[in-house]
Amino acid sequence: FPFPYTPYRIQERFMEALYDALERGRVGIFESPTGTGKSLSLICGALSWLRDFEEKKKQEEAKLLALDDSKQEEKKETASTVPRCSESKDGAGEPDWVTAFVQKKEERDMVDRLKEEQIRRKKREDRLEQIRHNVQLKYAAKRKRSEEDETKRLLRLSKEVLSEGAGVDVVEQLDHNEEELILADYESDEEKKVVSGLEEDDDDLEEEHVTKIYYCSRTHSQLSQFVREVQKSPFGKDTRLVSLGSRQNLCVNEEVRRLGALQLINDRCTEMQKNKHEKKSNEENEGKKRRVSRAVCPFYSYEQMQFLRDEVLVEVKDIEQLVALGRETKACPYYGSRYAIPAAQLVVLPYQMLLHEPTRSAAGIKLKDQIVIIDEAHNLIDTITCIHSAEVSGSQLCCAHSQLLQYMERYRKRLKAKNLMYIKQILYLLERFVAMLGGNVNQNPSCQAVSQTGTVLKSINDFLFQSQIDNINLFKVQRYCEKSLISRKLFGFVERYGGPATAVKTNKENQKLAGLQNFLLTLQQGSDKEGDPPVETENDQLRAASPLMQIEGFLSALTNANQDGRVILNRQGTVGQSSLKFLLLNPAVHFAKVVEECRAVIIAGGTMQPVADFREQLLSCAGVDPSHIVEFSCGHVIPPENILPIILCSGPSNQQLEFTYQTRDLPQMMDETGRILCNLCNVVPGGVVCFFPSYEYEKQVYTHWEKTGLLTRLATKKKIFQEPKKANQVEQVLVEYAKCIKRCSQAGGQLTGALLLSVVGGKMSEGINFSDDLGRCVIMVGMPYPNIKSPELQEKMTWLDKTMPRAAGQAPSKVLIENLCMKAVNQSIGRAIRHQKDFASILLLDHRYARPAIFNKLPQWIRERTQVKPAFGAAFAELRKVRTCTLCTD
């Protein structure tokens, strides 16, 4: 395998296993700890296979074409000399000549197809080679763009000059702009072809998808990091790579970007494209009739996007470089990158684009016979569940109803019958949803108390019948929302008339809008009284601005099969605080299509243990044959002495460590935890990261230590930091934590570093590197079992017990709880060792970790080095040994 340096033996084994899985078309679960060069192994293993596959394919094509040429020659030579054979019949009763004719036609079709493909490939390669070596082409394209910009500027100036003195017309034009809010005619059941928006025909559009690798990861930064690894690899120069992302990440139109929320950006972008096509058809058809000027996107230029596509394929670029190129070339990176998909060999994209079928098809992603690699896949099941679940609050439902009713009243005379029919259906649905929460859409949801509070779970069918909406075709309503862009129109309407500060003329029509303004104002006042601080401002902004967008997601979720999900009615205090939530129970239904279509699927991660969830809940349920599943797990590249995992069963005062819900709140348990930390902070240099099961428990322990004075004792050796709840504060805390450790290591003195109190499943348990001095010891306080009283989890447990077989005598629900707990533990303790020369100790504070069922769910490379210590003294002696060794190496 080509590699930028001499690979570790475990990297060679990883690449061999990966190559074999791709060659045999398997579903692989690959585990390689962080710090072992997993990304490079994936790149070099997968691209080596792709290179060999393409070479074999070319050789086979060449053989077929050569064979065809020789047959043609033979045919010419023998045509005049061979006498006609007497007619005979084959086993199927067809004459020989018919069978031969059909066979020859199939062969000819295949050869013709291969020849066409070769021509296309040659054309593409020549074009890319030309761009790669011909700088003049780039300058010519840039010059042409400058000329176009100048022409547009002069045209605009001319129009401004002509419109001077025509004040009345300008005012009239502004009024006419309200036309944008009117829904276009809708033909409900006719599946029209989606307008591609291309201004000219081009052979490239018909380009077939070459065999490629789709690489997915969780976050934008992880994808950028992967692309940088590709750039550094031996394949960096020759690989045609394209990075895909959402419009939020790729849009270069500042007017659209300013909308902030993803759904608003999506709708605005789609509408601007639609305006472009309408404008074109109107210019052709309308003649002298005056039309309203509607905004079109200046970056949506076919010619420039084709140029951007070629630039993307010539050289590997990450998303930041793609956006910069889009701004420079005045071409849309979002659509330009999509045009590059067919010819690309490696497509890098976020989870959501691949795992959500409508998004996948909208992006032009075809999985048939392709390779999919899902990295950072430890949360894959949860990710699929979240993507396909949806929640709406009572206040959103009431707000959407009020907005839509006002919209219908204002434009009733302008709307066609089909539009009115669907709007009335949506209004009825909203009315029934609020009724299910025990409220009335015509009253302020913040002032309506709910008589029967609590949480109720219903099957989809039961929910549809009880809410009396089973007679409405939700598939049609969903399609209408999607095609008509009603949520975008409604958002524009609210933007114009919904704000209390907006000046609205007091004519007869506009007086009707006072109700909407007053309603939105009371909603705002009602929510202010609650006093809950906002957690995610972007989501809040979206909910306030366009609740119908959220509701569309819920309607879509209700179209799932009855057995695969549940509807949760959560009635709390007021109707506004109550909510409806769709919970997906069977993520395999959405993953099955990926597995069915692809040639091979690789699920990879640094910590995949326990893997039983992937095998049973995801792959078996998706119909994957167990013999087609390959598992690969490798150890770490660090020497055994660089890691010291200890399961500690009791503390310094012999208090048994068992952090159950019943015992963890006891003062003696919190005191014992504090004593352990005090002792550790005395001997461990640099940074110590301590994980608690929840924010509530971390706060409770911190408060108790403050009262007892233990916090002051801890602070003499380590400066104490706490994980913030808000995501935007995490970076600041980490920077301060790192600065403190660096300062202490350089200055010496009594303060030896810092102690970071973190939370399992929080902002610092995933994706954060506590390498070197930032994490010399990681402590896990108790076992972070999920809250089994949660209705969602209880329903999932019931569903598993009904549908899954018992494993080794254990109920599937019990296995799920243990697996969720250990997945969280493994992610948290894996934060410490991040490269070959790193070293750290890991302390698991709870005797239950020593139980075989739990112990075996630790990652293999940690498990085989773990020591179980019944008493604190022996564990402390081991930690002192590590301290002595590190002082020697220092």
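Start with Phe493. At 0% relative accessibility, Phe493 counts as buried; buried means under 20% relative accessible area, exposed over 50% and partly exposed in between, with a 1.4 Å probe and protein chains only.

Before moving on, note the ground rules. This is a predicted model, in which local features need pLDDT of at least 70 and side-chain atom pairs count only at pLDDT 80 or more, while totals for chains, interfaces and linings use all residues. Residues are numbered from 1 along each chain as its sequence is written, and side-chain values use heavy atoms, with hydrogens and water left out.

**Aromatic pairs**

The rule takes rings of Phe, Tyr and Trp (its six-membered ring) with centres within 6.5 Å; planes under 30 degrees apart are stacked, over 60 edge-to-face and the rest tilted. The pair links distant parts of the chain: Tyr411 belongs to helix H16 (residues 394-411) and Phe493 to helix H20 (residues 486-497), 82 residues apart. Helices (H or I, at least four residues) and strands (E, at least two) are DSSP runs, numbered from the N terminus.

How many aromatic pairs are there by this rule? The count comes to 19. For another, select Trp49 and Phe53. Their ring centres are 4.9 Å apart with planes at 20°, so the pair is stacked. Both residues sit in helix H2 (residues 38-78); because they are four residues apart, about one helical turn separates them. Trp49 is buried at 0%, whereas Phe53 is partly exposed at 22%.

Select Phe14, Phe30 and Phe632, which form one aromatic cluster. Then show Arg664 with Tyr697: the charged end of Arg664 sits over the Tyr697 ring, 4.7 Å from its centre. That label requires NZ of Lys or CZ of Arg within 6 Å of the ring centre and within 35 degrees of the ring normal.

**Strand S4 and the cores**

Select residues 346-350, strand S4. Five of its five residues are buried. In a regular strand the side chains alternate between the two faces of the sheet. Here both faces are covered: Leu346, Val348 and Pro350 are buried on one side, Val347 and Leu349 on the other.

Which strands pair with S4? Strand S2 (residues 213-217) pairs with S4 in the parallel sense over five bridges. Strand S3 (residues 241-243) also runs parallel to S4, joined by three bridges. Pairing requires that DSSP finds at least two bridges between the strands. Pick out Tyr214, whose bridge partner in S4 is Val347. Then find Ser243, opposite Val348.

Now widen the view to the largest nonpolar core, which has 66 residues. A nonpolar core is a set of buried Ala, Val, Leu, Ile, Met, Phe, Trp, Tyr and Cys residues joined through side-chain atoms within 4.5 Å. Tyr214, Leu349, Leu354, Ile374, Leu380, Phe591 and Ile603 touch the most other members. Another core, of 52 residues, lies apart from it; among its members are Leu427, Phe433, Leu555 and Val575.

Select Leu354. Leaving aside neighbours within four places in sequence, its contacts (heavy atoms within 4.5 Å) include Tyr214, Leu349, Val372 and Val594.

Go to Lys458 in strand S7 (residues 454-459). Is Lys458 buried or exposed? Lys458 is buried, at 14% relative accessible area. Its side chain makes a polar contact of 2.7 Å with that of Gln466. A polar contact is a pair of N or O atoms within 3.5 Å; within protein, one must be able to donate a hydrogen and the other to accept it, and residues adjacent in sequence count only if both atoms are side-chain atoms.

Next is His378, in the loop between strand S5 (371-374) and helix H15 (380-387). His378 is buried at 5%. A 3.4 Å polar contact joins its side chain to that of Gln827.

Finish with His401 in helix H16. His401 is buried at 5%. Beyond its neighbours within four places in sequence, His401 contacts Leu427, Leu430, Glu431, Val441 and Asn442.
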